[in-house]
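Subject: Handing over the model, with notes

Dear colleague,

I am passing on the structure we talked about, and I would be glad if you kept it open while you read. My notes come after it.

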Amino acid sequence: MPPFHCTRHSDKTVAFLPLVAVAQNFQTGRAATVTSAYSPWMLATRVFRLVGNRALSTSICLRGGHGVAKVEDYTLPAYFDRRESPLPDIKFVQQLSPDQKSLKEKEKGSWAALSKEEKIALYRISFKESFAEMDKGTGEWKSVVAGIFFFIGFTGLVVLWQRNYVYGDVPHTFDPEYKQKEVQRMLDMRINPVEGFSAKWDYENNAWKK
Amino acid sequence: MFSHVLLKVSSDRLWSFSSTASVAARSYSHGKQETDEEFDARWVTYFNKPDIDAWELRKGMNTLIGYDLVPEPKILEAALRACRRLNDLASAIRILEAVKDKSGPHKEIYPYVLQELRPTLSELGIPTPEELGIDKA
């Protein structure tokens, strides 16, 4: 950690520059040590230096340089592709390769001079997916339907096994001979003779009506 | 052919068919109701700020897209010119994508907007998503 120098800035215009650097760093969304020369510690201490003009008691000096919380990743602006928010807070690609940097310089000139590939490259620097890509379906439904069919099939197997190994025999009243006697008895009793059961039996010829 | 009414399907704008200055004739909300022209003028002024910064552009666009309407071509032109001032071609293309997305099922809106913006697009050298092929996934 660089030592914190408790110097006071009386010149406000000079003190403004670090604030701009702070603002720019927060805009790029990464106050981490990788991309910028300003560590979060230094960023915060510079901010404190600006406001510490009036009250030394609130400055970091008094706290021995331990007044600043570590900047957590999740607190920084994030990138996300959303239909309802077309321009995200940060660009998708944060660390630019030298090619990309030179392309960004070229972007400052006439856009008509850029080739189609360069324009697409610029788009991909700023954005991860185009609207068409972010809106397209995932095909997840196929997995879901396949899973449904699989488990229904599996359940069928379980039911078959149950029939075989779990359930006992059906009662004797299901035997064909018994059923025959049952039907004969119903016909003898003239069950539903008008429109139902017995109405369909031809008593003359001892057969079902055709 | 396409009046303000077609492009703006906002529920509180369905009433204002005329271009006269608005009077609180309906009492469904407090105070004077902003006309379509005033709304447009306000947004054009917002994007026409000469020293607009990237945050303001993003905030303006995200807010505008949040409304229940497709922005008028003149607002979009001001936004595209703001992108030019900020040297941000990607955002300009994104804005066009967002307009097409915003039209939803009304497929005739996007070609109309492109037709109106054609001079600006040619002048600034902004390609449409279709020209770049990023309109297909």
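Predicted model: local features only at pLDDT ≥ 70, side-chain atom pairs only at ≥ 80, totals over all residues.

Residues are numbered from 1 along each chain as its sequence is written, chains are lettered from A and ligands numbered from 1 in the order in which they are written, and side-chain values use heavy atoms, with hydrogens and water left out.

Chain B has seven helices and zero strands, where helices (H or I, at least four residues) and strands (E, at least two) are DSSP runs numbered from the N terminus. Of its 137 residues, 48% count as buried, that is, under 20% relative accessible area, with exposed meaning over 50% and partly exposed in between (1.4 Å probe, protein chains only). Among the contacts in chain B with a separation of 6 or more, 61% join residues 24 or more positions apart, a contact being heavy atoms within 4.5 Å.

Turning to the interface, 29 residues of chain B are in contact with 34 residues of chain A. The area buried between the two chains is about 2,600 Å², and carbon and sulfur atoms give 59% of that area; buried area here is the accessible area (1.4 Å probe) that two parts lose on being put together, summed over both. Two salt bridges are counted between chain B and chain A, each being a side-chain nitrogen of Lys or Arg within 4 Å of a carboxyl oxygen of Asp or Glu. A:D81 forms a salt bridge with B:R94, and their closest N and O atoms are 2.8 Å apart. On the side of chain B that touches chain A, the elements giving two or more residues are α3 (54–66), α4 (73–85), α5 (89–103) and α7 (129–132) of chain B, and α5(B) gives the most, with nine residues.

A:V183 is partly exposed, its relative accessible area being 28%, and A:V183 touches A:F197 and A:W208 when residues up to four places away in sequence are not counted. Between A:V183 and A:S198 there are 9.7 Å, C-alpha to C-alpha, and the two are 15 residues apart in sequence.

With best wishes
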